[in-house]
Amino acid sequence: MRTGRRVLVTLLISVLSGACGNQEQMPVSVAELTTVEIRQEGRENISPEDQPGTEGKDFLPDGQGDNNGENIWSEDQSGTDGENSSKDNQWENNGESSGNSGGENGIPGRDISGEHSGQLSVSGADADRTWETDSEPEQVRITISAAGDVTMGNYIGQGYEISFRQTYDQGAGDAYFFGNVADIFSEDDLTLVNLEGPLTRSGDFREGQTYCISGDPEYVNILTEGSVEVVSMGNNHRLDYKEQGTADTVEALEAAGILYAYDENYCMYETKGIRIGIVSVNEVGQGAGVEKYLQEGIEQLRQEGADLVFACCHWGIEREYYPEDYQKSLGRKCIDWGYDLVIGHHPHVLQGVEEYGGKFIVYSLGNFCFGANRNPPDKDCMIFQQTFTFLEGEKQEDREIRVIPCSVSSVTGRNDYKPTPSEGEEARRIVDKINECSRSFGVVFDEEGYLLKTE
């Protein structure tokens, strides 16, 4: 993907014949154009600037988690959104040239070589002159979208009528479920959701788990149709159908080209030349034991060249709108360890957003496409978006944040499993709710969900 910049300098060489001073014998000048290629070593990937409550009988209580995950899988995917096209360099003559008989930058008889500094050096009599480039610094902007719990399927004992499975079986189609958010996800650079519940046909469910969730492996196509690139699997339902359920899910995800992370299985996603590492843990089931995965994960991903690293934490108390103490402690530890963003889920309702150390902790995104409840009383959720800017490969300390208020359903009377952005007064109500949950952290969003810049 990366190319060196080439600069073409046109030299105008006047070839004169005849005896010096004998104008009668001097013929008309002959202009001869010679193209000289100059390489700027170390200048890579030059690109133009990118333009920029109680849930009734279907409520899911806490479950048991495990950390038996294996099969580390990392796949790099890259976009080619014009990042390798280079702007033309403009050369400027800083000084008066003598004997220049043609072309605005024509310099007869000069030996020219390039430098990494972006200057054109001239040897010989004019060695003290330089011609500076008018190039702009390379800028890359990466927008990520994160959404909450996605359960594609039913749990044991859940009724079939108006269920996720019945909706699918009656021909809704893969594109139906994310149909109202697909345009948002297709326009970003990375979409990440929490996949809660395996995609398996195994009947060997976990004893003692109140709600064992599963969906068919072909449901993975719902994610691809919705432009989801990565899923977190570190949650208290990954092992509902034991290790076979996890293996079947991984097989389906790999076949669809979707990356995943859980426990010590970290993943790396690449877009526009930027490498994004993801660690996903189940604090609900493993408690403080997840700190090992979080610390080792970011260390490994940084060593592998990650430019950004996100922590996905399944934590907190269900139906609580404010994070408990260990959530806040663990989230801040993640930032101290070097994570660029902390993304939380599990409470099934919205919680606030905190800014800590110049980075953001999203305590709970709420549910999203949630098949495990046919009619949750609180349908509020959100898509969290952040845009990261890199100049010459260095991440800038900006704060481009937006929350997009949504409902888990496109209708109010039940769950139709079609998350939908809210509008008008309903959107403002949800943003106000997020602001109330974020008040103690000093984070405020405007009516359109954009972060208000505060000192």
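Biologist: In which sense do strand E14 and E15 pair, and over how many bridges?

Modeller: This is a predicted model. In it, strand E14 (residues 308-314) and E15 run in the parallel sense, with five bridges between them.

Biologist: What is the order of the strands in the open sheet?

Modeller: The order is E12-E13-E14-E15-E17-E16, six strands with mixed pairing.

Biologist: What makes strand E12 (267-271) and E16 edge strands?

Modeller: Each of them pairs on one side only. On average, neighbouring strands of this sheet are turned by 20° against each other, direction ignored.

Biologist: Which helix packs on the sheet, and what does this helix touch?

Modeller: Helix H7 (residues 325-337) does, touching E14, E15, E16 and strand E17 (359-362). The direction of H7 makes about 150° with that of E17. Contact here means heavy atoms within 4.5 Å.

Biologist: Where is valine 349, and why is valine 349 called buried?

Modeller: Valine 349 lies in the loop between strand E15 (341-345) and strand E16 (353-356). Its relative accessible area is 1%. Buried means under 20%, so valine 349 counts as buried.

Biologist: How far is the C-alpha atom of valine 349 from that of methionine 382?

Modeller: The two C-alpha atoms are separated by 9.8 Å, with the residues 33 apart along the chain.

Biologist: What percentage of the protein chain counts as buried?

Modeller: Of its 455 residues, 53% do.

Note on methods: Residues numbered from 1 in each chain as written. Predicted model: local features only at pLDDT ≥ 70, side-chain atom pairs only at ≥ 80, totals over all residues. Heavy atoms only, no water. Helix = DSSP H or I, 4+ residues; strand = E, 2+ residues; numbered from the N terminus. Buried < 20%, exposed > 50% of the residue type's maximum accessible area, 1.4 Å probe, protein only. Pairing = 2+ DSSP bridges. Axes fitted to C-alpha atoms, helices over the stretch in contact; angles between N-to-C directions.
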